[in-house]
Every structure is written in C-alpha cells, then in structure tokens.
Amino acid sequence: MRPILATCLGAACTAALALPLAPPAHPAETAAGPGTASAGDLPGATQSLPLDGLGPTGPHGTARATVPPQENTVHELPPRAVRPFSLVGVVWDDAATALRGRAQVRTRARGSARWSDWQDLQTDSDDAPDPGGEPQGTRARGSTAPLWVGASDAIQLRLTVADPHRAAGALPHGLRLELVDPGPDTPAVRGGPPPTPAAVAGAGANAPLAPPGATEIPAADQVTAQADIAAAGGHAPIGPAHIGARPRIVTRVGWGADERLREARLVYTHTVRAAFVHHSATGNNYTCAQAPSVIRGLYRYHVKSSHWRDIGYNFLIDKCGTVYEGRAGGVAKPVLGAHTLGFNNDSTGIALLGSFNKAAPSRAAVESLARLTAWKLGLYGADPRGRAPMTSSGGNLYRRGKTVQQHVISGHRDGFKTECPGTRLYADLPAVRLAAAHLQGR
C-alpha cells in the first residue's frame, strides 16, 4: 500500500489493450498452480485475460516520440463484456517486480446497464509468502490486491504509469487481468467428487476441536479452552494457563473451500510468537452473507492467480465479527501463512475483510479480533501486551537476519513498509492488545 502515482497530468497518451471486444467462448483459467483438478469441474472460475499490446502510443495512435517525456501514460481496456465475476485483480510474472502506477477499474452490475465509479486496485504486493515458502515447481506472481465488486458482467481497466522510457515507469512482464467468480453465495458443503489428497490431508487437522466435515468449530469457555493447548501440539498445562475463551470459527468446509485448488501438503512453523493484523483491501461493499464468497474469491485469487499454496491468511474476520479459518492445517496449530513478507515464520496472520485507511472497522470485527488473539496467542503462552523477538527473512523494512522486537499483536506495517492494515484499524491495535490480555485473565 505504498503511495501510487497521481492521475495523468496534462495531455496524457492512451494505448488500447490488444483484446477482442467480445468475451471468449471459454474463459481461460490461470496457468495451473498447486491445484490439480481441471478447470471445468471446479465450482467458480477465473477468467485470466492477457493484457498484451501495451506498447505506448500518443493521442490518436501517434508515435510515442511525439509525447513530452514528463507526461504519464494511460493504458486502457475499453468496456468489455465478460462472463460473470465478483472479484478482480491484476497479476504479472515476477513477484519481485512492482507495478509502479495506478490501476483502476469500473464494472457493470450483472444484468443491468449500471456502471460503477472508477475504483482503485491496491498496486503493491504487500501480502506475500517468504521466498521459497510456497510450492515447488511454480513461481509466485506479482499481484495487486483483489477488489470485491459484486456480481458483474462487464469491466473497464485503466493503468496510469510514469513515462515508460524511465526505469520506474516500465510495465511488468506478463500482465493479466484476473476476474474471479467465487461460485454461489451458499455453496454445497457435502457430496460432490471423491476426496482429493489435499482434502484427506486436512480432514483431521482440527481434531479434537471439531470432527472432520464440520462446518464450524464451536465456541468454548475459558476453562474448556485450556485443553486446546494439546490440540496446538503443546503439553497440557499443569495449572491454569493464560488463554482466552475459544471463539466460534467457521471452518473451510463452512465457507465452501474447494480443497482441490490448494496444495495437498500442510506446512507448519515452530510456534506462534505474534499475530500480524491485516485488512484484505478488497473494499467494504459486501454484506455479511457474502463474506464466504469474498473469502472463496480471495482463496482462488491467491492460489490460481498468484500461484500460492493456499489462501495467505490464517484467519479472516468479517464486518459482523464472524471468524473464519484461513489456510489449511488446523486453527490451533502453527500453520505457516503467506501474509507478512519477512515475518511469516512463527506468526499467524489475521485479516479483517475490508479496507480501513478511511473507513473504520466495525466494533464487532474489532471485538472478534481481541477474542481470537486472546485464544490463539494463549495457546502458545504469548502475552498480547508484550513484544517478541522476530528474525526477518528479508523484506523492504528489515534486512534478512535482522532481529526485531515486534508487538505480540502487530499491524502488517510493523513488519513491512505498507499502509496495511489501514490507518483506522492500526489505531485500534493498542486497545485490542489490552482487551486480549484481559480476556486471557492477565
């Protein structure tokens, strides 16, 4: 969430993307990531549209040399009818390369003539796996944050970049527009094809908190939650431990995760020293009933479009305060996530669904954040008010090998140079730390 370039100044030049106006007969899936199932039998779909033909031209197709070098360049995809989708983002080949510019979309509500206003896509890739932390044989892509736009059937894209003759203004290679259909708002959670290796591997990950196939992990009081330490892989405490009551958590089955998409292997870190708080940057225009669809969209975007092993966050919280299981492996266990480049080891990543630079998160969401951290951090003996030594694996804020005293409840910006989790949510974290400690009985 680094600052992005302003809209074109003066007489900017425009280059049309070389894409046909009609939608393709069969929308292309993104290149195969960790998932092995064919595109045709998966609920939901990803239309992946190559953004070819981005050579800069001047107004009305004149040569680029006629355009003053200090001006920005606008590349546009004219309004285009596509198959239905609800979430949109832009990806490119190399995660180490930045899209230095402004990306905006406007969309048409499905089955209507109503177009949205222009909306910004967050252009920096600040939620990310550590180098080498994702599946072998695939290369993580660079990506914007995805934006939830609701059911739509047409799109227009605008990319505003600096003079392409300057190194900072060069467009990344392999740009693609990703349009994600997460499937129906209420997906089937039973039946379907036989279990895949991924589904089998993850089926017992939440034992003994819930049986395989459960749509939720029930809430438990503070006394009952003491036993969850064993579920986390630790030893049952001799006496009462400082752990908060377990919140109700909607499982991956509950939000309709298609386990054929992700990599089958479950990967763990050693412990949980800290929780990094994020906002999803997908916007706030969703209802609580749509939250599972938003999460399925994020999941598909992270795996199919960005080439990650699974959804990046360990937990997600919607505006009504509902907590959702994120990356597979067990909610009590130290699952390695892909959320804070440099500090994914020995941490857990929690994303509040929405964008909170200007808008404040709901009270219900913030209260759920306190309850979740009181429980999750309590499993590992962590005091939410304290700090923990964390060693960076490399990022834009701390060099590889640097040991940092991070807040046990940190914002994403504490480990990576970014605006995440948004100014308004970040300002709530001191109160969250105190509330979580109180819920632990400290």
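Ser 48 stands opposite Glu 178, a residue of strand 8, where strands are DSSP runs of E with at least two residues and helices are DSSP runs of H or I with at least four, both numbered from the N terminus. This is a predicted model, in which local features need pLDDT of at least 70 and side-chain atom pairs count only at pLDDT 80 or more, while totals for chains, interfaces and linings use all residues. Residues are numbered from 1 along each chain as its sequence is written, and side-chain values use heavy atoms, with hydrogens and water left out.

**Whole chain**

- The chain contains six helices and 17 strands, and of its 442 residues 54% are buried, meaning under 20% relative accessible area with a 1.4 Å probe and protein chains only.
- Of the contacts (heavy atoms within 4.5 Å) between residues at least 6 apart in sequence, 79% join residues at least 24 apart.

**Strand 8 and its partners**

- Strand 8 covers residues 176-181 and includes Arg 176; strands are taken as paired if DSSP finds at least two bridges between them.
- Strand 2 (residues 45-50) runs antiparallel to strand 8 and is joined to it by six bridges, whereas strand 3 (residues 73-92), also antiparallel to strand 8, is joined to it by five bridges.
- Arg 176 is the bridge partner of Val 91, and its C-alpha lies 5.2 Å from that of Leu 51, although the two residues are 125 apart in sequence.
- Leaving aside residues up to four places away in sequence, Arg 176 touches several residues, including Ser 48, Gly 89 and Arg 141.

**Backbone exceptions**

- Most residues other than glycine have a negative phi, and most peptide bonds are trans.
- A cis peptide bond with omega of about 15 degrees joins Cys 420 and Pro 421, the latter lying in the loop between strand 17 (409-411) and helix 6 (423-439).
- Ala 281 has a positive phi near 60 degrees in the loop between strand 11 (274-279) and helix 4 (291-305), and Ala 281 counts as buried because its relative accessibility is 13%.
- Asp 346 likewise has a positive phi, near 60 degrees, in the loop between strand 13 (323-325) and strand 14 (347-352), and Asp 346 is buried, with a relative accessible area of 14%.

Conventions:
Buried means under 20% relative accessible area, exposed over 50%, partly exposed in between (1.4 Å probe, protein chains only).
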